[in-house]
Amino acid sequence: QVQLVESGGGLVQAGGSLRLSCAASENIGSINAMGWYRQAPGKQRGLVATVTSGGSTNYADSVKGRFTIVRDNAKNTVYLQMNSLEPDDTAVYYCNAEKNYRNTRYLYWGQGTQVTVSS
C-alpha cells in the first residue's frame with residue numbers, strides 16, 4: 001500500500017504562486033503514474049495534472065501554461081508548481097498514485113491540502 005502525504009497548500013492572492021508536494025512511502029519509480037486532482041465545494045473531483053513513470057505529462061486545459069508537475073524519483077516526491085493562481089483554483093488538492101500489478105489497477109490518495117486564492 002502506498003501512503004501519500006501532501007503539503008504546501010495555503011492562502012494566496014490572485015496572481016500568486018504555490019508549490020504543492022506529495023511524498024510517497026515507497027520508491028515512486030515503481031509507480032506507473034502520479035498526479036494531482038482537485039475538488040472545489042459542490043463540485044466533483046477532477047484532474048489537474050499527471051506524470052507517468054516515463055515522464056509524460058498531462059494537464060487540464062484550465063491549468064495549462066500555469067501549472068507544472070514534476071516527478072523527483074530520488075526524493076520519492078511529486079511537486080505541483082502553481083503560478084498565476086486564480087480564485088477558480090480554490091479547492092482541496094489531492095495527490096494520486098496509480099500502480100498496475102498482475103493486471104489489476106490500484107489507486108491511492110493522499111488526505112488533501114487546501115488551496116485558497118483570494119481575489
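I looked up arginine 66 and found it buried, with a relative accessible area of 11%. Buried here means under 20% relative accessible area, exposed over 50%, and partly exposed in between (1.4 Å probe, protein chains only). This is a predicted model, where local features need pLDDT of at least 70, side-chain atom pairs count only at pLDDT 80 or more, and totals for chains, interfaces and linings use all residues. Residues are numbered from 1 along each chain as its sequence is written, and side-chain values use heavy atoms, with hydrogens and water left out.

Next, the partner. Arginine 66 forms a salt bridge with glutamate 86, with the closest N and O atoms 3.8 Å apart; a salt bridge is a side-chain nitrogen of Lys or Arg within 4 Å of a carboxyl oxygen of Asp or Glu. Arginine 66 lies in the loop between β6 (57-59) and β7, and glutamate 86 in the loop between β8 and β9, so the pair ties together parts 20 residues apart in sequence. I noted glutamate 86 as partly exposed, at 37% relative accessibility.

I then followed the network. Salt bridges link Arg38, Arg66, Glu86 and Asp89. The side chains of aspartate 89 and arginine 38 meet at 3.0 Å, N to O. Aspartate 89 sits in the loop between β8 and β9 (91-101) and arginine 38 in strand β4 (residues 33-39), so this pair connects parts 51 residues apart in sequence. Aspartate 89 is buried at 1% relative accessibility, and arginine 38 is buried at 15%.

Aspartate 61 is exposed, with a relative accessible area of 64%. I count six salt bridges in the structure.

Then the fold. The protein has zero helices and 11 strands; helices (H or I, at least four residues) and strands (E, at least two) are DSSP runs, numbered from the N terminus. I traced an open sheet of four strands in the order β1-β3-β8-β7, with antiparallel pairing; two strands pair if DSSP finds at least two bridges between them. β1 (4-7) and β7 (67-72) are at the edges with a single partner strand each, so one side of each has no neighbour in the sheet. Between β3 (residues 18-24) and β8 (residues 77-82) I found six bridges, and serine 21 stands opposite tyrosine 79 in β8.

Last, overall values. Buried residues make up 41% of the 119 residues. The C-alpha trace spans about 45 × 30 × 25 Å along its principal axes.
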